[in-house]
Structures are given as C-alpha cells and as structure tokens.
Amino acid sequence: MLKILANIGKNLISKPYTSNYPFTPYQHFPGVRADVTFDGTKCILCGLCQRSCPAECILIHKEQEQIEYLNTQCIRCGYCVRVCPTNAISQNEVYTKPSRQRLTVYTKVTNENAPVIKKRMAAEAAKKAAAEKPATAGTGPAKPAGEKKVDEKKTSA
Amino acid sequence: MKTTIQFGPQHPVWVEPLRLKLTMDGEIVKDCELEAGFCHRGLEKKFEWDYNKGAYLSERICGICTQHHSTCYCTAVEGTMGLEIPRRAAVIRTIMLELERLHSHLLAIGLTLESIGFENLFMLCFRNREIVLDMFERTTGNRVLHGINIVGGVIRNIGPEMAKELEDFCDIMEKRCLDLKDMILKSYTIRERMQGVGVMSEQLARDLCVVGPVARGSNVPYDIRAVAPYVLYNEIKVKPIVETSGDCWARSVVRVRELFQSIDIIRQCIPLLADAGEDIFAKSKTLPEKEYFTRVEAPRGELFYYAKGKKSKEMDRIKVRTSTYGNGPGFVPLIKGSHLADVGLITITFDPCIGCFDR
Amino acid sequence: MSLIELSRKKSPWVIHVGTGGCNGCDLEILACLTPRFDASRFGVMSTGNPKHADIMLVVGPVTLKYKEIITNLYNQMPDPKVVIAVGTCASTGGIYQGCYGHCGSLDKVVPVDVYIPGCNVRPEAVIDGLVLGLDILNEKERKILEEKKKSKGAA
C-alpha cells in the first residue's frame, strides 16, 4: 500500500513521459537511416546502385543523364550508399513527410567525368568542329512523362 | 446445437490475419480448424537472388524477430562459403540478438495482458519497450528493421561510448523489469485468469514438437542456445528456463524470466567488446556453393534456415522454417474444449507471428 | 465548421488492418497509440470494427488471399472514409517487388488517400499522416454535404 502511495507521488511530480511531438520539433539520434540523396556532381552513371537496390527503387536513365529515385518505394536499407564507388549517395536523417501522391525525385547528373557524358561531349565537340556551329548544350527534358517511366521499366525487366 | 464461428482474419486480439474456424456447442469449443496463408507473399522464391540483398529480405520476413532472421540467414550463407566472421561482429550480433529478444518478449507480455483486459500493464510494457527501441535507434539507426547484418559481418560498430550507454541501459532495464515482474507475478487477478487455462501437458508438447517458450512452459528444456550453440553462445552458457505447469500462466512466466536472462547475457557480452579486434566485416573470396543449415533461438522458438548455393551470386534455394510454424499445430488441441472467451488468450500466449508463419 | 465536422476532427476512430507485411509498421502503429507517442491526445482511438471507423490504416503489401477481405472492410466503412497506406510495402510493394503472392500495392485494390513512406515508418510519420488524413476527411465530408444540397435544390 505504501509503495502504491509512493508511486503515485512520484508520478504526480515527474514530467509527463509522452513526447509532445507535433507541437515540439522532431528529435532523433545521429546516424538514423532515412531516404537517400544523390549528388549529381559526383555520380558517374555506372548503374551499380540500380542493380544492387533490393527494392528496385533507383532507375538510371543514361540517355537523359538523370537519376530517377522512387522515394515511396525505397526501403531505407542503405545498401546503395555502401556500394557507390564515388560516394555520390548520402543518407538523410529526417524521415519523409507523408503525401497524397507517391514521391519521385529526379536528379540531373552534371559530372563531366561520367563515361556517358564524356562520350556525348566528345561527340558534340566533334560535331561542333565539323559544322563550326555553336551546339546548344543539351539540358535534357525537365521531367520525363509517365509513358517514359513505363518504357524504362519494360526494358529493365 | 452446433454453431460455427469465424474467428478472424480481422480480429482485435491479433494484429495480423489468421482465421480459426470454431465449431461451438454453447460456450464450449468442440472443434477448431486453423486456416493460415493470409500473409503468404512467396518469399522463399524471392530468395533466389543476390545473396547480399537476401540479408535485407530476410529481415522483412518478420519485423519482431528481425535480427534473428538476418543472423540466421547470414550464418547459413557464410556457411556455404566457408567464411568465418570476425569476433567483434559475433559479439555485436549476440548483443543485438538479446536486445531483440528483450523487446519481443515485452511486446508478447503486453499483448497477453491486453487480451485479458489489463490495459495499464500493457501500456507499461510498451513504455519499457520504448527504451529498447531507443537503444536500437542509437546503435543501428532504425527502430524496428535494423539492417546491420550483412553476409560477412555487421556494418555498424559499437564503440566504447556506446558500450557505456549499453551498460547504463542494462541497469535501467533491469530495474524496470523487476518492477514489471513484481506486478505480474504478485497480481492475484492475472494469476486467477491465466492459471489452468490452455494446459499443454509435457507429453503433448513433446508429441507436437512445439518450440520456444511454449515448450519450456511445459517442462521441455529445449533451447537452441544450449542445445546447439551458435555465434557466441559457446562461451556464454545459457541454462534453459523451465516452468512445469504448461498453462498460459507458465508460458508468460517463462517470458518474464527470460527478460532477466537476456539482460544478463548483454552484461556478459559488453566486456568482450574491449578485447575483440577492430574488424567488423570479413570479405568473402568465394561464392556460395555448398549446402548449409543453421538454427537460431528466436524469441518464439527455433528458427531454421537451409541454404544452397550454385557457385554464382544467386542462391539456389533457401528454406525457412520459422518458430510459429512449429508452434502452429499446438493451437488446435488446446482450443478444443476451452471456452470461447479463452480462445484469444490461448492463441496470444503462443505469441503467434503470422508474418513468420506464412512467409 | 459544422458541429459534426468539428466532432469528427476532434475524434477520428481508426481501424488497423495488417495485410501481410512484416509487422514492423504494425508495431509502430501500436507504439503510436501507447504512452510514448500517445495519439489519443488527438482523440484517435483504435477500434476493431470497420463500421465504427473513419480512417483505415493499412500495413503491408496486399496478399492475394487478403484482397477480398480488404475490399469487404472498405465497403463496410461509413462515408466519408480515408484510407492511409502506412509504410513502403502498402504504398508500392517495397522490397517484395516481383513476389508472386501479393498484388503489388494497396491502390490496386482500394483508393488510397495518403501515402506514408518509410520502412519501417516512424511513429512521428504516422502522426503526420493522421493529421493529413483528417484534412482529407473533412474535405470529403464537405463534398458530400454539397452534393446533398444540390440534390435537394434539384428536387
């Protein structure tokens, strides 16, 4: 009985245990695994992450020089971060907010050392030299349409 | 007069889908039929791919015994390659396994208490469980699916600072578990509700080959950690905890007592971290080609993985036999002849994990 | 804001449906309703009965055997209703891509309003998702009321 009274007293004095989350900011420990971000200046479009992803959530479009990352499909395992040869992938620590649609993030690759881009630049330079006409640097399509995505999936399967 | 009742698949007692077809005579259950397969995703077929990805897939068979599944998988695949993991990785794996058992048992005890209507103690169990989850988040980076086991070792180290935190955690946890133990074991209400309900005799337990706390509650001292030691259990001796009565109460008490055993094992493991080398990962030079099987004592019982390689990165075959699969046949004879109100309690003391059951 | 809307916003009842995932997100939803991240502060209450529920929290990829049951549960819920896909598996299939035993994602079976990414989801994300779900619930409620008014005006 005395123990109960002591416990009641302790609980009355102590702070509430519940975290006051939506009214206080989100706190986490260092090193928490969340979604990944791609660094377009380091990526060499090797496609290792696409092949190693267990959830098949990374799609590399070599022609358009961009990475398609299906955020909602990612399982946050961090395997792509480990396999990346140029450390172009970094893992965030803050979770993704819920949304009404599925999230897809596109990253444009601008690394000049990437073999695909080197080839294109060389080809462009050759073309330029041949025609002696200023070629417009291909910025690529802003965002591929849904049809393209389907095509890409079909080819990969 | 006979009535047929469908118990499940969507039922408040279980989080997961499982269907029991009960034939009733008044309040007494005359016949019971177990229907599973609501969670069947076809994972064993999916395992026939890159063995590195398989470690992540094996975690997602079951979210409650994540670490056990991935340790068992990794050990099996390492066996097919003849790979020896570094000692530090083994110590870290053992610590994680015991932490996992701690949180799983707290969950099981909490759900058992909730099914008999003891909401307060359920909340307390979950409150204690949050400390374990915080520890997981700090050491591995995720609350439930840890993802630190890979074939060849682990990916996150436990440094000296973290070891200190683990020691503090053990002290706090032991104090809380003592409180919990007092509350459960001395409670007249819980004892009256659970004693003598769903009795599984020792003979029946041996006949049905049940595993884990269900077997140990029926006086069968079967614990893989003692019978066939794996990772670090060769050095750390584990004595199976046994209760004799075989009812719901005994199964719950086994779980409560195993909490302290787990804390004890973590305590014994922490000093070993200091002597172990710095390596946490060994790269394999060969591809999986032989056959191998491993057994791990998951919180629910024996967990079995069979792996067969075919000299390529893809595995040839992975067979998983989970603990709930071993315990599943035990539901039926216990439910037969019991009251309808006890069906939920009896099944929940088995700690069914349908994700494991169906895969 | 009408009285019904206010009371619904103050106390949404949720039904938690596990459809064959790995339990990780199931546990986080349970953690959401227990002391640490107490969602009951917002009046969220877990119910086992679909006929009482406003919000359906679905966990895991929908297995072929469970497909029928989940449509059944969805049809039993009263209007307005919101379906929240909790976790990567329910949203897109996640790591179970290409397994034969499930039908990919939840939105192939019932319409989904909110996607909560994460494997496993954090309890904070579940709370955020519930808050977002409440807005959608009220939007739907208003739409239904307008339609009723229109049909009344026409008659």
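1. A contact here means heavy atoms within 4.5 Å. With that in hand, the meeting of the two chains draws 22 residues from chain B and 16 residues from chain A.

2. A word on the model before going on: it is predicted, so local features need pLDDT of at least 70 and side-chain atom pairs pLDDT 80 or more, while totals for chains, interfaces and linings use all residues. Residues count from 1 along each chain as written, chains are lettered from A in the order written, and side-chain values use heavy atoms, without hydrogens or water.

3. About 1600 Å² is buried between chain B and chain A, with 48% of it from carbon and sulfur atoms; buried area is the accessible area (1.4 Å probe) that two parts lose on being put together, summed over both. In chain B, the residues losing the most area to chain A are B:Lys53, B:Tyr56 and B:Glu137, together 31% of what that side buries.

4. You will find zero salt bridges between chain B and chain A (a side-chain nitrogen of Lys or Arg within 4 Å of a carboxyl oxygen of Asp or Glu).

5. Now look at the sheet in chain B: it is open, with three strands in the order E6-E7-E8 and antiparallel pairing. Two strands pair if DSSP finds at least two bridges between them, and strands are DSSP runs (E, at least two residues), numbered from the N terminus. Strands E6 (291-298) and E8 (315-321) of chain B stand at the edges with a single partner strand each, so one side of each has no neighbour in the sheet.

6. Eight bridges join E6(B) to the antiparallel strand E7 (residues 301-309) of chain B. B:Glu291, for example, has B:Lys308 in E7(B) as its bridge partner.

Notes: Helices (H or I, at least four residues) and strands (E, at least two) are DSSP runs, numbered from the N terminus.
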